[in-house]
Amino acid sequence: PILREMGKLLSNFVKNNAAYAGTTVVGQAVLGTAFFALTWPRALINAADWIDSSWSVAQLRADLAGTELANALADRTQGHRPVTLVGFGMGARVVFK
C-alpha cells in the first residue's frame with residue numbers, strides 16, 4: 001500500500017509541476033514580473049506538501065531502519081556468521097545508511 005501511495009504521489013508531483021511550469025511561462029509572457037510575484041507563494045505551498053508526503057516519511061523510516069540495522073550488525077546479534085545485504089528501492093537506502 002505505501003508503494004502505491006508513493007507512486008501516486010510522484011505522479012501527482014510531476015503533473016502539478018508540469019502544469020505550474022506551463023502557467024508560469026504563459027503568465028510571465030502576458031503579465032511579466034507581477035505574475036511571478038503571485039506564483040512564488042504557490043511554489044512554497046507545494047514544497048510544504050512535499051515535506052509531509054509519503055515519500056519523505058518512507059525516506060525517514062528507511063534512514064532510521066538503517067541505523068538500527070547497523071547497530072544490530074555491530075552488536076553481532078546474528079552471531080559470527082557472514083552477512084550479505086541486498087536492497088532495492090528504499091531497502092537500498094536502508095543498507096547504505
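Predicted model: local features only at pLDDT ≥ 70, side-chain atom pairs only at ≥ 80, totals over all residues.
**Helix H3**

H3 spans residues 54-74, 21 residues in total. From first C-alpha to last, H3 reaches 30 Å, close to the 30 Å expected at 1.5 Å a residue. Six names make up its buried set: Ser-54, Ser-56, Ala-58, Ala-62, Asp-63 and Gly-66. An α-helix has 3.6 residues a turn, so residues three or four places apart point the same way. After H3 comes Arg-76, with a positive phi near 60°.

**The salt bridge**

The structure holds one salt bridge. Asp-63 and Arg-93 form this contact through their side chains, at 2.7 Å from N to O. Asp-63 lies in H3 and Arg-93 in H4 (residues 90-96), so the pair ties together parts that are 30 residues apart in sequence. Asp-63 is among the buried residues of H3. Arg-93 is partly exposed, with a relative accessible area of 29%.

**The nonpolar core**

The largest nonpolar core has five residues: Met-6, Ala-58, Ala-62, Met-90 and Val-94. H3 and H4 are the elements that give two or more residues to this core. In soluble globular proteins, nonpolar side chains tend to be buried together.

Which residues does Val-94 contact, leaving aside neighbours within four places in sequence? They are Ala-62, Ala-65, Gly-66 and Leu-69. Of these, Ala-62 also belongs to the core, and Gly-66 is buried.

| Helix | Residue range |
|---|---|
| H3 | residues 54-74 |
| H4 | residues 90-96 |

Note on methods. Residues numbered from 1 in each chain as written. Heavy atoms only, no water. Helix = DSSP H or I, 4+ residues; strand = E, 2+ residues; numbered from the N terminus. Expected span 1.5 Å × (residues − 1). Buried < 20%, exposed > 50% of the residue type's maximum accessible area, 1.4 Å probe, protein only. Salt bridge = Lys/Arg side-chain N within 4 Å of Asp/Glu carboxyl O. Core = buried A, V, L, I, M, F, W, Y, C linked by side-chain atoms within 4.5 Å. Contact = heavy atoms within 4.5 Å.
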